[in-house]
Amino acid sequence: MNTMQNLPISISSDMRLRFLQNDEKTFASTEEQLPLVIEPVKEKSFAALKALLKESAQWFNKQLDTYGAILFRGFEVEGAEQFQTALELLNVQLESFYHFGSAQRVRITDKVFTSSEAPPDMIISFHNELNMVPVRPSVLAFFCQVQPDVYGETPIINTEKLFLSLSPNLQHKFGNFPQRFERYVPNHLLEIVFEGLSREEISKLLQEQGFDFNWEEDGSLYFECSYITIITHPRTSRLCFSLSIIDCLVNREWYRNLGQRYSFGQRLYYNLLPTKLYKNFQQRLATAATVVDGSQKRTSTLNASFLNKDGQCTKMTEAEAKELGKAEWKNAAIFKWKQGDILVIDNLQVAHGRLNTKLKRKILTAFGNMCNIRDMKPALFING
Ligand SMILES: [Fe+2]
């Protein structure tokens, strides 16, 4: 197939449109049209990018709907302020709160944050940002301030393509069983998750968003909600699959595929350890990773499961988790970051993750155009 045929027609002679080339990717996949790349023809300055965004904000947003992600590459973008300016010119209503987040983030401007500081060897599995919350960003953006020498990719994936590549059984499960998210936040971590909010304000926020919640006697908080993860995109009517599968066996497929980045011992662990043992170890690791204050043993946890037709919680089977992990790998776009990159993502149709990284890497993030998943239509898909 000639993918060039699917490029939009440029509306300015100052920019060139293309898809990623093979030498910009770290792994080949079936995904060849994500993201749409915008690069300067001659003038690379930030002023040139600003002029383009100002002139054609509407056009860029249309492309974002169509392609799911846009990468501005090759422009001279220097810091958090310029990143924020670019997004504002795209008419993104940036959100200045990062409530419900689980990672400690540093605020660079009032609307730009550092991305997750998860341990470098760890792979963060695919998710849409703030997926466990009904009111979530419809636009998410990343800015590469310090380009990693190696690794540190932020893979992205078109969730409709991913969903359509799954077996009918798994499609049926995702399409019909609501996913339930249960979150537990101990007292001493409330400040990280609900930055600056009082207990009353947190209760109000949870109520507004339709969570069931409970304050425990020691001041810790338990809250949960559930919804179908397959929705119809409000503008394109395409299927969106909210990816937030918290299952270490999905990720295990990624560790296996990235084996050459890990030591011999780690490779054995990812490839050969029996499933049950692997799950056990991973659960213990996950618990250890969420301890923020060493003096307190209680950690913040997030559990996800599916509710079957009797309202009971079920987890994915081993085979289903493997299938999903393999399908993710096959459909993902995995590419190297370049200094100054701005990646704008439609957080409803496209999910993202993070591969293992080395220390020299600084990716900033911002999001906005908040929307409520409960306002969206469920997606119809042809399946028995
Ligand atoms: Fe994220």
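**A friendly note on the fold**

1. Strand S10 is joined by 4 bridges to strand S11 (residues 221-227), and the two run antiparallel. Within this pair, asparagine 214 has tyrosine 222 of S11 as its bridge partner. Please keep in mind throughout that this is a predicted model.

2. The pair belongs to an open sheet of 5 strands, ordered S10-S11-S9-S14-S15 and paired in the antiparallel sense. S10 (212-215) and S15 (313-314) are its edge strands; each has a single partner strand, so one side of each has no neighbour in the sheet.

3. A second open sheet is built from 7 strands, and here the pairing is mixed. Reading across, the order is S1-S3-S4-S17-S7-S19-S5. Strand S1 (15-18) and strand S5 (113-114) are at the edges, each pairing on one side only.

4. Inside that order, have a look at S7 (residues 135-146) and S17 (residues 342-346), which pair antiparallel over 5 bridges. Leucine 140 is found opposite isoleucine 345 in S17.

5. Now for the helices on this sheet. H1 packs against the sheet and touches S1, S3 (36-40), S4 (69-72) and S17. The direction of H1 makes about 155 degrees with that of S4. H2, for its part, lies across S7, S17 and S19 (362-372), and runs at about 30 degrees to S19.

6. The crossing of H1 and H2 is right-handed.

7. Which residues bring H1 and H2 together? From H1 come Phe46, Leu49, Lys50, Leu53, Lys54 and Ala57, and they meet Gln82, Thr85, Ala86 and Leu89 in H2. Sorted by class, this contact has 6 nonpolar, 2 polar and 2 charged residues.

8. Finally, step back to the whole chain, which has 10 helices and 19 strands. The C-alpha atoms fill a box of roughly 60 × 45 × 45 Å along the principal axes. The radius of gyration is 21 Å, and a compact globule of 384 residues would have a value near 21 Å, so the chain agrees with that expectation.

Conventions: Residues are numbered from 1 along each chain as its sequence is written. This is a predicted model: local features need pLDDT of at least 70, side-chain atom pairs count only at pLDDT 80 or more; totals for chains, interfaces and linings use all residues. A crossing is left-handed if the near helix is turned anticlockwise from the far one by less than a right angle, and right-handed if clockwise. Two residues are in contact if their C-beta atoms, placed from the backbone, lie within 7 Å. Ala, Val, Leu, Ile, Met, Phe, Trp, Tyr, Cys and Pro count as nonpolar, Asp, Glu, Lys and Arg as charged, and the others, Gly among them, as polar. Two strands pair if DSSP finds at least two bridges between them. The radius of gyration is taken over C-alpha atoms; the globule rule is 2.2 Å times the number of residues to the power 0.38. Axes are lines fitted to C-alpha atoms, for helices over the stretch in contact, and angles run from 0 to 180 degrees between N-to-C directions.
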